[in-house]
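I opened my notebook to jot down what I looked up in this one.

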Amino acid sequence: MAAASVVVQPMGIFETSSTSKEKNGKKALMLGGRGFIGPTIVNALLAAGYEVTLLNRGMTNPELFSELPLIVCDREKENKQGLKAISKKDRETYWDVVVDTWQKSSKAVADFLEEFKSNIGHYHYISSISVYDKWDKKYIIENEPLNPLPAAPTTIGEEFRYAIRKTLAEEAIRKHFDRYTIYRSSGMKDYRTTHPNDPSSQPYWPVRFNRGGEILVPKIKDHYIQFTDVQSLVRFVVHCAENKTYGAFNVAHPTMAFKDYISCLAYVTQRPDKLHWIDGSFLEKEGLLPYKIVPFWREQPVGFYYFNVQKALLAGLVNRPVTDMLADQLAGYKSRFPKDDVRFGITVGDTTIKYFSMEKEKEVIRKWIART
């Protein structure tokens, strides 16, 4: 499966950029900014010419963006105590753009908007496709019903599951503000991860292909996948900011055949020596089909890998090539684990590293070959 050589020039796992084009005279406030996809968003805003200020506790990755202004604020403090620590000068600043990725209590979102809505031009919120109530059909669009909600929380906490917290946050935004854009992402993929040095959160398929050898690949009828590339998402955020594009958008790559994803992996890694496409029924007997074992495979619900992204594409979303995304994922993994020493399918302490081990893979391949 050899292909033309690919030269990858990745950013480091925590590389930041103070390089920007000529200032556009606009101020952006990034809520967070030093964890999750925050650094990617900050870099994109800087590159677009925004004067960026961070608002966070100053505890996560404090070495990042040390040259940027920082408003120290703990949004998890009750009764807006964290917000009260913000200076009069910052309270009176007009922020052309505010970007928020908050996933905990929706009350923190509501509190912030209540305090600052008169000084915000455009509020951007990174949400999730988990806000939709039913996934029983393919190609769900943005006006489908959202999760039924309990009463909005009166205290800051995480008593609800992630999907409900995100849905409550969207509801709080609609209640308190009208110039907003909501981005409903689907399984975000980037060279960064939420827990960058956690072996259990590493990208299985890019890592496995990079190791080469003989690789087990599931052969499942109608095996399609869908994901959100963080770089493409962030560029869309900037595009919406610059064009004052409001509303809610499903933001992801269009649905993709799994075999095409595998072809992209082979192109990026120039591997493997051999692929073994093994029937799903055989893998199921070997205990290898649940999602936590084989990534990018779910039998149910029907709509999981089929969210409609046409609205975002028409509004200006441009998804970069999957090969670029995979190269970034692999480069990020190499920067975190230069010895390539993550072992899948084992338990380390209290954490089970997802997916199947290479030992199990070899065993199943041997059984498959013997069977056929």
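**Entry 1: a loop residue**

Where is the place of T245? I found T245 in the loop between α7 (230–243) and β11. This is a predicted model, so I keep that in mind for every entry. Next I asked myself: is T245 buried or exposed? T245 has 16% relative accessibility, and buried means under 20%, so T245 counts as buried. I then looked up its contacts, leaving aside neighbours within four places in sequence, and got H122, T181, C240 and A315.

**Entry 2: strand β6**

Which strands pair with β6? I looked at β11 (residues 247–251) and found five bridges joining it to β6, with the two running parallel. T181 has G247 in β11 as its bridge partner. I also found strand β5 (residues 120–128), which pairs with β6 in the parallel sense over six bridges. Two of the partners I wrote down are S127 with R184 in β6, and S128 with S185 in β6.

How does the chain get from β5 to β6? I traced it through helix α5 (residues 162–176), and this β-α-β crossover is right-handed.

**Entry 3: strand β5**

I did the burial check on β5 as well. Nine of the nine residues of β5 are buried, so this strand is also largely enclosed by the rest of the structure. Then I looked for another partner and found strand β4 (residues 95–100), joined to β5 by five bridges and running parallel. W95 has I120 in β5 as its bridge partner. I followed the order β4, α4, β5 and noted a right-handed β-α-β unit.

**Entry 4: α4 against α5**

Both helices had come up, so I looked at how they pack. A reminder to myself: two packed helices are described by the angle between their axes and the distance between the axes. How do the axes of α4 and α5 cross? For α4 (residues 106–116) and α5, the axes come within 8 Å and cross at roughly 15°. That makes α4 roughly parallel to α5. The crossing is right-handed. I listed who meets whom: S106, V109, A110, L113 and E114 in α4 meet R165, L168, A169, A172, I173 and H176 in α5.

**Entry 5: α1 against α7**

Helix α1 (residues 38–47) and α7 have axes that come within 9 Å and cross at roughly 45°. That makes α1 oblique to α7. I noted a right-handed crossing here too. Which residues meet? On the α1 side I wrote T40, I41, A44 and L45, and on the α7 side V230, Q231, V234 and V238.

Methods: Residues are numbered from 1 along each chain as its sequence is written. This is a predicted model: local features need pLDDT of at least 70, side-chain atom pairs count only at pLDDT 80 or more; totals for chains, interfaces and linings use all residues. Side-chain values use heavy atoms; hydrogens and water are left out. Two strands pair if DSSP finds at least two bridges between them. Helices (H or I, at least four residues) and strands (E, at least two) are DSSP runs, numbered from the N terminus. A crossover is right-handed if, with the strands pointing away from the viewer, the path from the first strand over the helix to the second runs clockwise. Axes are lines fitted to C-alpha atoms, for helices over the stretch in contact, and angles run from 0 to 180 degrees between N-to-C directions. Angles under 35 degrees count as roughly parallel, over 145 as roughly antiparallel, 65 to 115 as roughly perpendicular and the rest as oblique. A crossing is left-handed if the near helix is turned anticlockwise from the far one by less than a right angle, and right-handed if clockwise. Contact means heavy atoms within 4.5 Å. Buried means under 20% relative accessible area, exposed over 50%, partly exposed in between (1.4 Å probe, protein chains only).
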